[in-house]
Amino acid sequence: MGSDTPSLMRAWAVAAPGPISSGPLVLEVRPVPVPEPGEVLVKVEACGVCRTDLHLAEGDLQPRRPRTTPGHQAVGRVVSARTELAGRRVGVAWLRGTCGKCRYCARGDENLCPESVYTGWDADGGFAEYLTAPEAYVYPLPGDVAPERLAPLLCAGIIGYRALLKTGLREPGRLGIYGFGASAHLTAQAALALGHTVHVVTRSPAARRLALELGAASAGAHEPPEPLDAAILFAPAGELVPPALEALDRGGTLAVAGIHLSDVPVLDYRRHLFQERVLRSVTANTREDGRAYLRLAAEQPPSVTTSAYPLQEAARALEDLANGQVSGAAVLIIG
């Protein structure tokens, strides 16, 4: 660590998972972590607030360790002394490590590695002034872009991009997006950049306005105006699966992008799946997904809509997210 690195820092921890209104998060003062061999220490500048962080705080995502610090969209500067990345801005994302040896890793599906570990779940994340991360899993980022604009790209952008890939849309097609929060507003722009027509379904009037401003062909509260070649479900609402499947044209795919989904109602085979409609999940991402999306974002920078919160208001950011009061992506401003 550099000589000017303090010994103590502020960090949020999930003390007692439960409804966000019950105060499951606490702000602590704890020692600055010491990087293990192969890791870097990052002074966090900004960290995106993800629905996965909310699931962890509320217990929908079972904690894997006590008092974990959430946050897996961290942007900051490397302050470790012995690394080529020293002084560089990097991004610390959800995928933190894999075994590199199993059949899934060998075939390029490291996101399915049974030994995969995750930032802000298996190890402390970016709702803090410092964090450590394996050097092989961080992403170099430009130093001339505001960190709060980069943070949402690291999960909202990357996961949405993988979900888009998993729909199988290759030639310009008709894409439906269900729910329009942080990930969806970036994925819509990636889809538009690739030549697809985008239809958005969301209950939020503000989100519908944003979708149209970003170039969506339509934005409504119910079904899209034409059959879809593919769709992505971002809202963690299983009851949206049947109508989204029913909106697909023949051979279309619905990709579910979230890590948590409420129960899916009974499907009617003919209405929802016949004519080779496909329902599939999306699990995390590979580092190649991350690199590919960040290249696309560098070539065609997305309009990133953010709602900024200071570090000490992380709990309020999650509560606003839970209540649908965040426009675009919530971001903690830390350093």
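Rings of Phe, Tyr and Trp (its six-membered ring) pair up if their centres lie within 6.5 Å, and planes under 30 degrees apart count as stacked, over 60 as edge-to-face and the rest as tilted. This is a predicted model, where local features need pLDDT of at least 70, side-chain atom pairs count only at pLDDT 80 or more, and totals for chains, interfaces and linings use all residues. Residues are numbered from 1 along each chain as its sequence is written, and side-chain values use heavy atoms, with hydrogens and water left out.

**View A. Ring pairs link Trp-94, Tyr-118 and Trp-121 into a cluster.** The ring rule gives 5 aromatic pairs. Take Trp-94 and Trp-121: their ring centres are 5.8 Å apart and the planes sit at 10°, so this pair is stacked. Tyr-118 pairs with Trp-121 too, but tilted, at 6.0 Å centre to centre and 35° between the planes.

**View B. The charged end of Arg-287 sits over the ring of Tyr-137.** That end is 3.8 Å from the ring centre. To count, NZ of Lys or CZ of Arg must be within 6 Å of the ring centre and within 35 degrees of the ring normal.

**View C. Arg-270 has its charged end over the ring of Phe-274.** Here the distance to the ring centre is 4.6 Å.
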